[in-house]
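Okay, thanks for coming, everyone. Let me put the model up and then we'll walk through it together.

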Amino acid sequence: MSVVIESALTAGLASLAAGLFWLLGWRLRRAHALMSALGVSVGFLVLYWRVQGRPDFPPIDATQWVFWHALFVLPLGWLAGIGASYRWVWVWGALLGALWLFAPPFLPLLESGFWQMPVGVGYIVGFALATWLLMTLSAPLGEERGLATPFLIALVGGVSAGVLFYGGKSASLAQLAGTLGAVVGVGVPLAFLRGFAIGRGAVAVAMFLFMLLWTTALGFANLTLGQLALLYLLALTPALRLLPFVQRWSPIARFALPAAILLLVGGAFVGIAYNAYMAQSGDYYSY
Amino acid sequence: MMRKHTRGLAYLTVLAMLVGSLQSVQAQAVTYRIDPVHSFIIFRVKHLNTGFAYGRFNTFSGTIVVDERNPANSSIELEIDANSVDTGNSQRDDHLRNPDFFNTRQFPKITFKSTRVRKINDTTVEVQGNLTARGVTRPVTARVTFTGKGRNQRGQEIIGFETTFTIRRSQFNINYGLNGGLADEVRVTFAVEGIRQ
């Protein structure tokens, strides 16, 4: 089977898994919070399994934590969707959960001496706090009906794939990020169902997984801190829709602003990474 | 009294002979340091089911213990710097170092340690050992051929061996591109020259 067909099949299966859980959540309103998070989690598990194979537990290879964390983040995703009066539980739970989840994948870099202790601890705490902020700021996007939220998050996945491929020089992390975008993107056709929203949990889990993929590329592959910072800012772009003054804009303008930033800045960013990649060697290496 | 002394001397003589023979047995095993300048670790893997991509590791070290009288006493230990992978293309080398392949930031070393050496014929032995890559240890068996013995320009005794064997990279959790991009089988050739210590 060709690599292209194989990749398309992987994206299709992962998206199908996510779509099934979201449809269940749409029908069973009481289970919506859990199904919302489960859709992204299960979609990513399917995706990882097909791209990387079966991971060990506990992982020998630290990059395999990405798979297990797609499961372990599930309670946080579910918490993201609980009632507004218990929202503080979600905020504190996300903070503690992020701190707990970001330690194991990066401890081997401290043990191997690749990161010095204070620097490494700083990275881990910084990753966790940034992820917590991204999750809590972006989660309300999941409540919005319509195709804007899944479409914008799918764009984040597309930009991530380009930067991880050319900047991080990891084809598998790029494929995981890009297909994660496609998994969330299945919410675009589902948005035509009456009253459908992907849910806060889906957004929270997707943002967590994006951040884990980027930080993994920083720690273990060739992504630079500058590239990580720009990806992070781009991932915050969809949340611009939630700013009070932007909420007074027309629906098209609220969609166009983050979409334009993602397409223009993200596209330029991928272009720069591509040029730097090509400048490294005269001959194109296509993996 | 005289008989006691005679018996004591006889014991001492036997003991001295035993120690001497043990030392001569030990002296049969000679240790060689792997000469990285005149040794090569080359690998090849099929790309897109079409052509073979070749690469090598430039930095490695180790020792070979050779016992010609009793090959079972022979052994080899090898440590490879995974970051020294070289395929003639810096982009591909970066890719090989990252988590798609060797994940060198977590696993900077690839090691091999023999567990058993068995003589096949006068120039060939079968070496069994444990190969560790990307944190996974798997048994590997290779037929090693003696390629020569001599002295270098410094007058040091040198010895040469060569082996070619095939591993499945998926056994070491190196799974990237298995679905059509890169073959699972990797053929490894190790041509070594050792300098007597």
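So, to start: in which loop of chain A does A:P58 lie? That would be the loop between helix 2 and helix 3, with helix 3 covering 65-72. Keep in mind as we go that this is a predicted model.

You'll find B:N49 in the loop between strand 2 (40-47) and strand 3 (51-57) of chain B.

Now, the interface. How many residues of each chain are in contact? On the chain A side we have 34, and they touch 24 residues of chain B.

What about polar interactions across the interface? There are 15 residue pairs in polar contact, counting pairs with both residues at pLDDT 80 or more. On the chain A side, helix 1, helix 2, helix 5, helix 8, helix 10 and helix 13 each supply at least two residues of the surface touching chain B. Sort that side of chain A by class and you get 17 nonpolar, 11 polar and 6 charged residues.

Salt bridges next. Side chains of opposite charge can pair when their charged atoms come close. The rule finds 2 salt bridges across the interface of chain A and chain B. In the pair A:D61 and B:R134, the N to O distance is 2.3 Å.

Over all chains, the structure has 15 salt bridges. Another to look at is A:E143 with A:R200, at 3.2 Å from N to O. Those two come from distant parts of the chain, 57 residues apart: A:E143 is in the loop between helix 6 and helix 7, and A:R200 is in helix 10.

Last stop, helix 10 of chain A and its contact with helix 11. Their axes come within 10 Å and cross at roughly 170°, so the two helices are roughly antiparallel. From helix 10, A:M207, A:M211, A:W214, A:T215 and A:L218 meet A:L225, A:L228, A:L231, A:Y232 and A:A235 in helix 11. By class, that contact has 9 nonpolar residues, 1 polar and no charged.

Okay, that's my tour; over to you.

How values were computed. Residues are numbered from 1 along each chain as its sequence is written. Chains are lettered from A and ligands numbered from 1 in the order in which they are written. This is a predicted model: local features need pLDDT of at least 70, side-chain atom pairs count only at pLDDT 80 or more; totals for chains, interfaces and linings use all residues. Side-chain values use heavy atoms; hydrogens and water are left out. Contact means heavy atoms within 4.5 Å. A salt bridge is a side-chain nitrogen of Lys or Arg within 4 Å of a carboxyl oxygen of Asp or Glu. A polar contact is a pair of N or O atoms within 3.5 Å; within protein, one must be able to donate a hydrogen and the other to accept it, and residues adjacent in sequence count only if both atoms are side-chain atoms. Helices (H or I, at least four residues) and strands (E, at least two) are DSSP runs, numbered from the N terminus. Ala, Val, Leu, Ile, Met, Phe, Trp, Tyr, Cys and Pro count as nonpolar, Asp, Glu, Lys and Arg as charged, and the others, Gly among them, as polar. Axes are lines fitted to C-alpha atoms, for helices over the stretch in contact, and angles run from 0 to 180 degrees between N-to-C directions. Angles under 35 degrees count as roughly parallel, over 145 as roughly antiparallel, 65 to 115 as roughly perpendicular and the rest as oblique.
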